[in-house]
Amino acid sequence: MFEPPLTGFSYSFTDDGFYEVAAYRAGSNPAQPSCPKGIIQWQHGKYRKASNGSLILNPFAVDGRQLMSDPCSYENAVYTRYQQQEIFKHYEVFPNPFDKAQRLNLYARDGAPMNPMYLAYKPPQMLPTQTLNPTTAAATSTKPSSTSNSKRDLPGDDDGLVREALSRKALLKQRHSKNNADRLWWLGAGLTALGGVGYFCF
């Protein structure tokens with residue numbers, strides 16, 4: 001699993017009650033500025049809408065993964081299982097007033113607003129909405145394991161699907177957009193220079 005170029009988070013939801021979340025966060029280290037920390041978290045499971053308008057996300061306990069990077073404390077990043085129920089006090093879905101893109105506002109358990117998210121894919125691009133690494137012991141556990149370093153068993157993949165969900169697909173549209181803008185700028189600059197040469201020569 002590799003750290004993506006940019007920090008951020010992404011939530012995906014299906015109409016039949018499944019969700020997936022990926023997050024990459026970075027933390028500064030004022031005492032040692034050369035040692036910033038980074039953490040990647042991924043999990044999926046089922047969600048439900050409560051009668052009070054809140055949104056409750058219950059992950060599949062055996063599938064969640066976390067990658068923590070702390071270069072001044074560990075030579076290598078620490079890879080563990082991760083399980084954390086999430087509760088959002090309420091949510092809003094509406095067209096963004098500026099560009100009419102579908103927008104999702106989530107509010108944390110205490111009512112604090114999270115950064116807005118915008119619809120990228122419909123239907124969402126997610127891993128299979130089922131337990132990917134079923135184990136009898138882990139399936140009955142209600143607490144995350146802080147010691148397990150074993151990766152999920154996906155034949156021939158070695159966590160490639162997780163890496164893809166956390167990085168490439170989440171940033172694909174942004175990268176293409178940036179590349180296209182750069183190409184158009186250089187094309188415009190080249191045509192302008194060519195026109196200037198033609199003006200003085202002819």
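This is a predicted model: local features need pLDDT of at least 70, side-chain atom pairs count only at pLDDT 80 or more; totals for chains, interfaces and linings use all residues.
Local features need pLDDT of at least 70 and side-chain atom pairs pLDDT 80 or more, while totals for chains, interfaces and linings use all residues. Residues are numbered from 1 along each chain as its sequence is written, and side-chain values use heavy atoms, leaving out hydrogens and water.

The whole structure holds 4 aromatic pairs. Rings of Phe, Tyr and Trp (its six-membered ring) pair if their centres lie within 6.5 Å; planes under 30 degrees apart count as stacked, over 60 as edge-to-face and the rest as tilted. Two of the pairs are tabulated here.

| Pair | Class | Centre to centre | Between planes |
|---|---|---|---|
| Tyr11 and Phe13 | stacked | 6.3 Å | 10° |
| Phe13 and Tyr47 | edge-to-face | 5.2 Å | 85° |

Strands are DSSP runs (E, at least two residues), numbered from the N terminus. Ring pairs join Phe9, Tyr11, Phe13, Tyr47 and Phe88 into a cluster.

Accessibility is classed as buried (under 20% relative accessible area), exposed (over 50%) or partly exposed (in between), with a 1.4 Å probe and protein chains only. Tyr11 is buried at 11%, as is Tyr47 at 15%, whereas Phe13 is partly exposed at 23%.

Ser12 also lies in strand S1 and is buried, at 14%. Not counting residues up to four places away in sequence, Ser12 touches Phe18, Tyr19, Glu20, Pro124 and Met126, where contact means heavy atoms within 4.5 Å. The C-alpha atoms of Ser12 and Pro124 are 6.1 Å apart, although 112 residues separate the two along the chain.

Methods. Helices (H or I, at least four residues) and strands (E, at least two) are DSSP runs, numbered from the N terminus.
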